[in-house]
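Colleague: Could you walk me through how to read a model like this one? I'd like to take it one feature at a time.

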Amino acid sequence: MKGSLVIVGFFVLGVVAGRLGWLDIGSFGFDISFIALALLMLCVGVGVGSDMGALKGLRRLDGRLLLLPLVTIAGTLAGCLLVALLMPWRDLGDVLAVGSGFGYYSLSSIFITQYKGPELGTVGLLANIIRELLTLLGAPLLVRLFGPLSAISSGGATSMDTTLPIITSVSGKEFVVLSIYHGFVVDFSVPFLVTFFCSL
């Protein structure tokens with residue numbers, strides 16, 4: 001949770017800096033958002049590539065559990081469709097693009113900002129931060145009501161990093177490998193789904 005609050009704090013600092021003109025992004029002479037995105041993807045790749053033990057542990061999982069990321073993606077998009085019905089003034093593609101961040105706020109918000117502008121990019125950022133915070137705070141209740149897989153699914157792309165400690169503590173250590181696998185697959189889908197829905 002501390003990490004999430006730090007990120008929210010930096011976001012607020014960025015908004016203040018932008019409003020007060022402390023930092024002019026256009027003065028860099030290059031697309032700083034793309035550079036940040038490339039560095040984020042590099043970090044994700046290094047993290048996945050250096051954790052071979054977790055990847056080997058996938059062989060011991062029940063084959064049906066390997067479908068959990070697909071269930072998470074389908075469930076999230078179904079929820080977005082319901083939200084879109086309640087918000088007829090919003091374009092369906094925009095709602096699906098925001099939901100397709102799956103908690104990966106840094107990556108998805110950059111894509112959404114590039115395709116749809118800063119307003120929707122900010123909505124995407126906040127929606128995904130809220131998803132992570134709800135998982136961090138609500139995981140014990142989710143597991144009690146819906147079982148150990150619910151916390152993993154709720155975490156979305158964050159189930160392999162920021163929400164992994166709380167998922168491990170409430171779902172059990174036997175779900176660590178599944179949680180990492182789930183986060184990796186959902187994480188991998190984010191750039192494809194977000195850019196697809198942004199282009200609709």
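Colleague: Let's begin with Cys198: buried or exposed?

Modeller: The general idea is relative accessible area: under 20% is buried, over 50% is exposed, and anything in between is partly exposed (1.4 Å probe, protein chains only). Cys198 counts as buried because its relative accessibility is 6%. Cys80 is buried as well, with a relative accessible area of 8%. Bear in mind that this is a predicted model, where local features need pLDDT of at least 70 and side-chain atom pairs count only at pLDDT 80 or more, while totals for chains, interfaces and linings use all residues. Residues are numbered from 1 along each chain as its sequence is written, and side-chain values use heavy atoms, leaving out hydrogens and water.

Colleague: With cysteines about, how many disulfides does the count come to?

Modeller: A disulfide is called when two cysteine sulfur atoms lie within 2.5 Å of each other. By that rule the count here is zero.

Colleague: Now for helix packing: at what angle do the axes of H5 and H10 cross?

Modeller: Axes are lines fitted to C-alpha atoms, for helices over the stretch in contact, and the angle between N-to-C directions runs from 0 to 180 degrees. The axes of H5 and H10 (residues 176-198) cross at roughly 165° and come within 8 Å. Under 35 degrees counts as roughly parallel, over 145 as roughly antiparallel, 65 to 115 as roughly perpendicular, and the rest as oblique. That's why H5 is roughly antiparallel to H10.

Colleague: How do H4 and H5 pack?

Modeller: The angle between H4 (residues 68-86) and H5 is about 140°, and their axes are 9 Å apart. That makes H4 oblique to H5. The crossing is right-handed. From H4 the contact uses Thr76, Leu77, Cys80, Leu81, Val83 and Ala84, and from H5 it uses Leu92, Val95, Leu96 and Gly99.

Colleague: Where is Phe102 found?

Modeller: Look in the loop between H5 (92-99) and H6 (105-116). The thing to read there is the backbone angle: Phe102 has a phi near 50°, which is positive although the residue isn't glycine. Phe102 is also buried, with 0% relative accessibility.

Colleague: On to Thr163: what does its side chain reach?

Modeller: We're after polar contacts: N or O atoms within 3.5 Å; within protein, one must be able to donate a hydrogen and the other to accept it, and residues adjacent in sequence count only if both atoms are side-chain atoms. The side chain of Thr163 reaches the backbone oxygen of Thr158 at 2.8 Å. A polar atom of that side chain also lies 3.4 Å from the backbone nitrogen of Ser159. Thr163 sits in the loop between H8 (148-155) and H9 (164-171), buried at 0% relative accessibility. Leaving aside residues up to four places away in sequence, Thr163 touches Glu132, Thr135, Leu136, Gly155 and Thr158.

Colleague: Last one: how far apart are Ile129 and Tyr104 in space?

Modeller: Compare spacing in sequence with spacing between C-alphas. Ile129 and Tyr104 are 25 residues apart in sequence and 8.0 Å apart in space. Leu126 and Gly103 are 23 residues apart in sequence and 9.5 Å apart in space. Ile129 is buried at 6%, whereas Leu126 is partly exposed at 40%.

Methods:
Helix = DSSP H or I, 4+ residues; strand = E, 2+ residues; numbered from the N terminus. Contact = heavy atoms within 4.5 Å. Left-handed = near helix turned anticlockwise from the far one by under 90°.
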